[in-house]
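Please look through the sequence and the model shown below before reading on.

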Amino acid sequence: MSTSRKRRRALQSRKIPGAAPGTLVVDPNAPVSKVELLAYGPHQQVDLKDLPVSQISEYLTKFPVTWVNVEGLGDLTVLQELGRLFHLHPLALEDVVNLHQRAKVEVYGDQLFIVTHMVTLKEQDGRCHLESEQLSMFLGPGFVLSFQQGLEGDVLNPVRERVRRDNSHIRVCGPDHLAYAMLDAVIDHYFPVVERYGERLEDLEDAILGRPAQSMIAEIHQAKRELLLLRRNLWPQREAVNALIRDPIPLITDETRVYLRDCHDHAMRLMDLVETCREVCSDLMDLYLSSVSNRMNEIMKVLTVMSTLFIPLTFVVGIYGMNFDTSAPLNMPELKWRYGYPACLLVMVLISIGQLLFFWRRGWIFGRR
Amino acid sequence: MSTSRKRRRALQSRKIPGAAPGTLVVDPNAPVSKVELLAYGPHQQVDLKDLPVSQISEYLTKFPVTWVNVEGLGDLTVLQELGRLFHLHPLALEDVVNLHQRAKVEVYGDQLFIVTHMVTLKEQDGRCHLESEQLSMFLGPGFVLSFQQGLEGDVLNPVRERVRRDNSHIRVCGPDHLAYAMLDAVIDHYFPVVERYGERLEDLEDAILGRPAQSMIAEIHQAKRELLLLRRNLWPQREAVNALIRDPIPLITDETRVYLRDCHDHAMRLMDLVETCREVCSDLMDLYLSSVSNRMNEIMKVLTVMSTLFIPLTFVVGIYGMNFDTSAPLNMPELKWRYGYPACLLVMVLISIGQLLFFWRRGWIFGRR
Amino acid sequence: MSTSRKRRRALQSRKIPGAAPGTLVVDPNAPVSKVELLAYGPHQQVDLKDLPVSQISEYLTKFPVTWVNVEGLGDLTVLQELGRLFHLHPLALEDVVNLHQRAKVEVYGDQLFIVTHMVTLKEQDGRCHLESEQLSMFLGPGFVLSFQQGLEGDVLNPVRERVRRDNSHIRVCGPDHLAYAMLDAVIDHYFPVVERYGERLEDLEDAILGRPAQSMIAEIHQAKRELLLLRRNLWPQREAVNALIRDPIPLITDETRVYLRDCHDHAMRLMDLVETCREVCSDLMDLYLSSVSNRMNEIMKVLTVMSTLFIPLTFVVGIYGMNFDTSAPLNMPELKWRYGYPACLLVMVLISIGQLLFFWRRGWIFGRR
Amino acid sequence: MSTSRKRRRALQSRKIPGAAPGTLVVDPNAPVSKVELLAYGPHQQVDLKDLPVSQISEYLTKFPVTWVNVEGLGDLTVLQELGRLFHLHPLALEDVVNLHQRAKVEVYGDQLFIVTHMVTLKEQDGRCHLESEQLSMFLGPGFVLSFQQGLEGDVLNPVRERVRRDNSHIRVCGPDHLAYAMLDAVIDHYFPVVERYGERLEDLEDAILGRPAQSMIAEIHQAKRELLLLRRNLWPQREAVNALIRDPIPLITDETRVYLRDCHDHAMRLMDLVETCREVCSDLMDLYLSSVSNRMNEIMKVLTVMSTLFIPLTFVVGIYGMNFDTSAPLNMPELKWRYGYPACLLVMVLISIGQLLFFWRRGWIFGRR
Amino acid sequence: MSTSRKRRRALQSRKIPGAAPGTLVVDPNAPVSKVELLAYGPHQQVDLKDLPVSQISEYLTKFPVTWVNVEGLGDLTVLQELGRLFHLHPLALEDVVNLHQRAKVEVYGDQLFIVTHMVTLKEQDGRCHLESEQLSMFLGPGFVLSFQQGLEGDVLNPVRERVRRDNSHIRVCGPDHLAYAMLDAVIDHYFPVVERYGERLEDLEDAILGRPAQSMIAEIHQAKRELLLLRRNLWPQREAVNALIRDPIPLITDETRVYLRDCHDHAMRLMDLVETCREVCSDLMDLYLSSVSNRMNEIMKVLTVMSTLFIPLTFVVGIYGMNFDTSAPLNMPELKWRYGYPACLLVMVLISIGQLLFFWRRGWIFGRR
């Protein structure tokens, strides 16, 4: 029930149909917004947490690159202040709040609006499910403004580390390289997730070959559906990166384009891995079905062997259980023979041997099953 | 029968094959046409119902934007008068009346003709079916003329509300923004419908895992077919919106294009949701089939266990029911033994235990089923 | 056999492989060619039947539009005379005679050569099959020359009616509009055919849900194959219309292009309908298979219930049919008990009740099947 | 085994991986090369067989068109001499010898290199299999040089006939028309092959509906695989013809392009036919499976009817075979009744009638099966 | 287990998500790097093994073409020195070390970076599995620098041989021809691998037709998955070659482009072969399933024939085992008849013959199975 409710929630969008575009409707259960600022140039860097929006503007002019990261989308005023400060387009800001957007790159004047999804695999009680968190970025001249849903787990920490390190390449590059680094971190985090699926499917294969159970079908289907979700997440992400490489956007330098090409390659490789996993899912389905039909066959064989072995014998013993009046000479004279009973037993043994030979030649018994 | 008749009707077009193009054939059962006018500018707005066509022209010149909405397509004269007043192309007007058009955008001189479909999910006696209503729009300089079939339920009310509100953004925009707002309302109304399908499929999954019944196949198929219909509705709608964004149509301002991009995004997301639901349908089909074959397996196991357990025993008791003359020493001496009967029972118990062990080792009994 | 022979004939082309291109080989069984002329301008029109080819040329100069229609392709000389009169390209003329061409539009100098297919559904002995007839058209300056196979049934009569009516729009248009009107009539005649398939599939669904029979598989397959044929007919037709709209052909005026767009729309809608029908076919196949496996399940349940119910009972009665010497005290003392028989019956009734409970709990009896 | 060996051979390429490109490795088992020359102009023609390569050059200058045809690829020196005489590119010449190339058109300087495949259907012992032979052509100014593998059967004879006939159209055209005529002959020879498949599938359908046998699966699969091969042969052929039509190759005149369009049409039609046959294959597979499951159902019904009919009866007769001491008043008093036996028989008849009614109502007996 | 572990390893990438791009992380288990140099011009060539990186530069200027091949990627310093010497882009160098890249062609300044995969089929204990090794190449003015993983088996030896041979074509060409020769060798080495799969599938087909076993499903799936892997390897390889042909890269001469076209053709043919093998896999799956269901059918037939044959007979003998008091005239008078027993046997024989006739007419016995 809990998983089904989660899925249901994932399907529902919060926006009221027909509402004016650009309306900001904040989810009352969303975590409180925390603003974090990382401003840096080749030689210095500043790292501030929980600072009010009003203080951001001074860093924007002082540093070559300013990265403002907002975790948690529960604070309408913070979002609106940031919108005014950075001149964000209302439609883009709406997309930040209204989750479940497709990954995309959009140009609004001199700003780029990028939506991606970070995924993590939560394992709980031996079962794992996929969690997806939207990361929205605005890339403008001299700044990157990013919004996270604020769930636990953060894929951007390695990027922060690289910014803080004094002689790292990222410090001498512009905000476009920072945006690339974030995108790259997001996409690279898909690798362990996809690899985990590969392992799960291997375990499932072993289990099916061992003893197939109905529950495995459900597991295969869950894996298939989550891989589909991954594919749906990755595809537009790949397209977005491609748009950044290909489209003549002045914010993106040629050097960054070379790096983005690398990022695009990783997305392609991920797609390949996901597709392979999905093929494996289909194969497992086939394997399960053939395994089940194999067991059915085996059951039928046992039934058939036992039934057909004893049916003629039971008929024979039935004959000699008849009560015909044996005083008439033709009425079952066998009953009065001296060796009647042993002869009867012998006949039955011969019938059995004949049948066993028949079964053995067909490979139903004593052969490989 | 009623649903099949409905489907049949949905397949039939009213046009006579080979009739001259542009011939208006009005459905005699269509509701009477009601004309409604909403004219507005930044500072004033007029809202009139059931006004005659002849009075429309005066508002067209007085207000920056005039929205004429016709509900019900049963009135040939109203349609013809509007055709003359707005210089509508006869082929476009024919498409307004002749329902079941694909969603499309067509340029006729300085006018745009847009066809979309609104969907609603009618629930009746616990079963729900999809209803689709065609909305045709003409967008020209200073006006939007829209035609609805006039069924109950109206997705355009939120748009009307926004026009009536004094300080809303829509009041300062041109007719292209009004057309966008209508398109957006239509597309956004697909979300609750698709989400309802998601929920239905979840319920169906629970039911199949519980106790599969033949009727579920029909339900899955109905859902699949209606999702196909939704996809068929959405795909050209997405294409139409894309044409509006991409094609150099002077009626559409660049600002509206940005909004239409948002609309296009929603259509893409809907397509994704519908595709996911369709995948779920296929999975449910698999689940049903594997569930049925599982039950078959179970039935076979019970039959096999019972049959093979008792068949040898019945043979044994048959033997001692034979009437061989026991005066001959080799003819069934067991019958005269003191412990003949208990020994016989013991043999049968041993046979049973042997068989039960065999079944248990194969996992047919006392194991997980 | 007759249908298979028909199909076989439909697959065979009359042309000898390697023969020179442009060779006219007339089918000896084809109906005799009948030439019909309809020449018209805005104010007058002439309608002539069975006129010799030599008289055609005078009308070509006198009237703005001359429509020469040839029914039946059995007359080599008529075809050759027409070829000389209208300067038809030998390859095009070969395609007129050599049936089973794909629908196409080809430019030969200042002429357009258009091939389409008209379909009709022949119903015979409760079974219906699809018949397709090739319609080839040459559109040149001031004339349309069309060739029909000359089977019964004619989709072009409504076009003739429109030409004969004095104030119809077609009279003031050029030959391109006439060609459009013919194309439109051909495409519109697909609608009743496709709708008939929709109805047949509905009937089939009812029948399958009632009592599935092997013959239904064949019916589904026939419908599927004919729908495939329809799709194969429609797809190039749609492409041909699209080529007429898109390519810069001077013969086609811009006004006619607007009308052709409508025609293209109809073709698209037909494709949608056909695709929907094909999906329904696949669903019916699934339904049939699940219905059959359901019945199998039911049969197995009855067998299992009956067998397992009586097998233990038969064993019990077998025991008391054994002939052990009851003079030994341990040899079946039950036989001599006063209430031995009633006790035995009671035991059997209890066994039965136990089993029935087991079956009932599994939902095999007295539950919904 | 023989067919599998053939298939294996078909898969193997003779080239050593990593060998220098342009290396000519001649198959030692290939037939000896025979050179044949057909030189012609509008008014004269020369037809020579088995002439040495050194004599070819004189005809090249004397006649407008010279067609050199080489049958059998076993002669390395002949191939090398021709390569030098016609300045063939070593890669192209390698492709002539190294069979199993995809059909293609390649430009080498002022020459065109065209690879196609001729197919024939060999029937042997009632079973037929597809044979494919590579035809490579070089089209240059004033000559066509063609290479055949030299198996029996030749599709080019009709072309030779047309060249030899004095007033045929081909005599007044250039070498491009000759190349077209050869391509056209090759493609037209696919028609009888594909039609033969259509007939085989029809026969198979009749056989499956009659009495399905396991061997039919193998036949369907063979047909499917060969149709796939045909499709794989046809697809690049169609593409090659399309390249000839579309690409601006000076060797091909506009008139020949019109003829090639016809050739392209035929290829498209063949693809349609092959696709239809492949669909029929899938349908036959379904038909076979449903037919088998139908028979299974029938078998189960017979088993169930017989078993459940006699099981209760056998139980009843078992009861009266028990040996209870009838001196006790409650122990089977029926045995002593005057009408005990007839009553017992009556009960059994009633039980049987009840069961038969039950079966009949379910449609298991006396109904349509 | 071992294969599953291998697959798992193959899925895992060594890079830490979020690490700075261009970070070189060397696999500690990778073989030690061995540098090999082959410098050549039309008239001389030098062949050196295990030379230090510092000595390479002198050959670069002395010879028209220098080929530096590095086997084994375990030496960080060697890689970094080469990176500095040849001015390799850090992202490209990272891709050399970080295996499992897709095949690709990338332009970095005046260098081309090409990634391909060599495959070999390792046979072990009668089972074979696919091994893939990455080959990365840098093509710059006057040099080719290639990196191999350094597993056993080398597809490049034929290329080395051709370079060493004095009058080979490769010696007079530039480094682009060398790169082509390497690509060609890599692609040509796929042929024996794919052919080996074709043979395996044939053997499997014979085995399935003989006696289907559950293990064959797993074998089919393994083959299918490895063919998918081959396809995934080949597809980007084909695309990379295509990019080299099509893109205006000054390093590639027109002559080399002609040779690359040949290479592209081979890749296409390989794709065709792989696709054919994959189709065969699907067919084998069908064959297996139909074969299994056929055996099931056979088992059911035996069970049904035996059961229904003896069930009525057993009933008959049961009747005459009843103990009705035969002193009453209607109670089983047959028992006292003189020919009671023979008559009873006759009845049973007649019943059996009737049933056998029934079975024979249905084709269950004595017919083709």
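Predicted model: local features only at pLDDT ≥ 70, side-chain atom pairs only at ≥ 80, totals over all residues.

## Helix contacts and chain arrangement

Residues are numbered from 1 along each chain as its sequence is written, and chains are lettered from A and ligands numbered from 1 in the order in which they are written.

**The crossing of H9(A) and H8(E)**

- The axes of H9(A) and H8(E), the latter being residues 214-246 of chain E, come within 10 Å and cross at roughly 165° (axes are lines fitted to C-alpha atoms, for helices over the stretch in contact, and angles run from 0 to 180 degrees between N-to-C directions).
- That angle makes H9(A) roughly antiparallel to H8(E), since angles under 35 degrees count as roughly parallel, over 145 as roughly antiparallel, 65 to 115 as roughly perpendicular and the rest as oblique.
- H9(A) passes H8(E) in a right-handed crossing (left-handed if the near helix is turned anticlockwise from the far one by less than a right angle, and right-handed if clockwise).

**The whole contact of chains A and E**

- Chain A gives 58 residues to the contact and chain E gives 52 residues.
- On the side of chain A that touches chain E, the elements giving two or more residues are helices H5 (157-164), H6 (175-188), H7 (190-210) and H9 (254-319) of chain A, where helices (H or I, at least four residues) are DSSP runs, numbered from the N terminus.
- The largest share of that side, 31 residues, comes from H9(A), and the residues of the side as a whole divide into 22 nonpolar, 19 polar and 17 charged.
- Only 12% of the interface residues of chain A are also interface residues in chain E, so the copies meet through different surfaces.

**Symmetry and domains**

- A rotation of 72° with 0.0 Å of shift along its axis superposes chain A on chain E, with an RMSD of 0.1 Å (by least squares on the C-alpha atoms of residues with pLDDT of at least 70 in both).
- That is the relation of a five-fold axis, and Gly321(A) is the residue of chain A that comes closest to the rotation axis, at 4.7 Å (C-alpha).
- Chain A is divided into domain 1 (21-291) and domain 2 (320-361), with bounds from an automatic or database domain assignment, and 82 Å separate the centres of these domains, taken over C-alpha atoms.

**Helix pairs inside one chain**

- In chain C, the axes of H7 (residues 190-210) and H8 (residues 214-246) come within 11 Å and cross at roughly 160°, and H7(C) and H8(C) are therefore roughly antiparallel to each other.
- The crossing of H7(C) and H8(C) is left-handed, and the residues of their contact divide into 13 nonpolar, no polar and two charged.
- In chain D, the axes of H6 (residues 175-188) and H9 (residues 254-319) come within 10 Å and cross at roughly 10°, and H6(D) and H9(D) are therefore roughly parallel to each other.

Methods: Contact = placed C-beta atoms within 7 Å. Nonpolar A, V, L, I, M, F, W, Y, C, P; charged D, E, K, R; others polar.
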